[in-house]
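Please open the model in a viewer and keep the sequence panel at hand.

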Amino acid sequence: MQRYFIPAGDFGADSVAITGDDAHHLVRVMRAEEGDRCICSDGVSREAIVEITAVDKNRVEAKIVETLEMSAEPAVEVWIAQSLPKGDKMETVIQKGTEIGAARFLPFVSDRTVVQYDAKKEAKRAERWNKIAKEAAEQAHRNRIPVIEPVLSWKALLKLVSEAADGAWICYEKEDGFGIGTAIRRYFGSRDSRTDEIGASRTAAAGADSAADGKPSKLLLLVGPEGGFTEQEIREAEAAGCVSVSLGRRILRTETAAMVGLACILYESGEMGG
């Protein structure tokens with residue numbers, strides 16, 4: 001069933017209004033008619049199966065048929081901090097990261113970033129990145145669209161690591177012997193001591209500092225550009241609270257590293273049956 005994220009203001013007590021590009025997609029692409037059903041979410045707290053009652057080229061009206069539980073999000077929040085890669089690789093990171101379950105993307109500039117950051121192009125690029133995240137979240141049946149932050153400086157990113165993250169790992173190809181799986185298991189605690197139950201019990205079992213107040217753990221993964229991080233950056237990241245980790249004996253592309261690291265974190269949190 002097709003899923004659409006709509007503004008909270010278009011989500012009424014017993015009906016919804018689908019407008020803009022989503023209405024165009026329903027009418028022109030999906031050839032929707034009265035009586036057809038889809039899923040609508042406000043991306044925050046409401047999600048429902050709706051039945052179309054009226055169709056116009058710029059607006060689709062629908063009545064709420066069934067309210068759904070918002071249970072598709074991981075029990076931990078994984079933030080992907082990605083040094084700006086060349087070409088359209090950031091789009092790949094956002095699209096695939098959204099599908100896998102990332103909660104937030106933090107593009108940043110580091111010493112070996114090749115891309116020339118241009119503030120004038122930022123708004124247009126951010127618009128495209130957010131569109132990609134929305135479409136990927138709809139395709140993957142996410143309950144929420146990941147947040148994409150404005151491009152950060154290295155200094156600003158490290159401040160966020162030290163002040164906002166419950167756990168942080170930095171991928172480093174020269175890291176000798178300390179793999180990401182081991183690092184994450186140490187953070188979450190022994191796999192044998194964790195329950196296999198899902199939902200709230202899984203969150204409690206994670207062992208993170210923020211679990212006590214009911215909020216999901218905020219876990220940050222730092223991925224460097226095509227040339228990797230400098231030794232100085234690794235030292236600065238570790239001083240800010242990051243743990244330097246290896247992703248194995250093979251050298252991965254920057255966009256691949258982000259996906260591998262994200263999958264490892266979610267697996268060890270129990271999200272993938274780990």
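In which order do the six strands of the open sheet lie? The order is β8-β7-β6-β10-β9-β11, with parallel pairing; strands (E, at least two residues) and helices (H or I, at least four) are DSSP runs numbered from the N terminus, and two strands pair if DSSP finds at least two bridges between them. This is a predicted model, in which local features need pLDDT of at least 70 and side-chain atom pairs pLDDT 80 or more, while totals for chains, interfaces and linings use all residues. Residues are numbered from 1 along each chain as its sequence is written, and side-chain values use heavy atoms, leaving out hydrogens and water.

Select the edge strands, β8 (147–148) and β11 (243–245), each of which pairs on one side only. Strand β9 (residues 167–171) joins β11 through three parallel bridges; I170 has S244 as its bridge partner in β11.

Next, select T98 in helix α2 (residues 89–100). T98 is buried (under 20% relative accessible area; exposed is over 50%, partly exposed in between; 1.4 Å probe, protein chains only), at 0%.

Turn now to the salt bridges (a side-chain nitrogen of Lys or Arg within 4 Å of a carboxyl oxygen of Asp or Glu), of which the structure holds 12. Select R104 and E149, whose closest N and O atoms are 2.4 Å apart. R104 belongs to strand β7 (residues 104–108) and E149 to the loop between β8 and α4 (154–164), so the pair ties together parts 45 residues apart in sequence. E149 is partly exposed at 24%.

Finally, select E138 and K134, a salt bridge at 2.6 Å between the closest N and O atoms. Both lie in helix α3 (residues 119–139), four residues apart.
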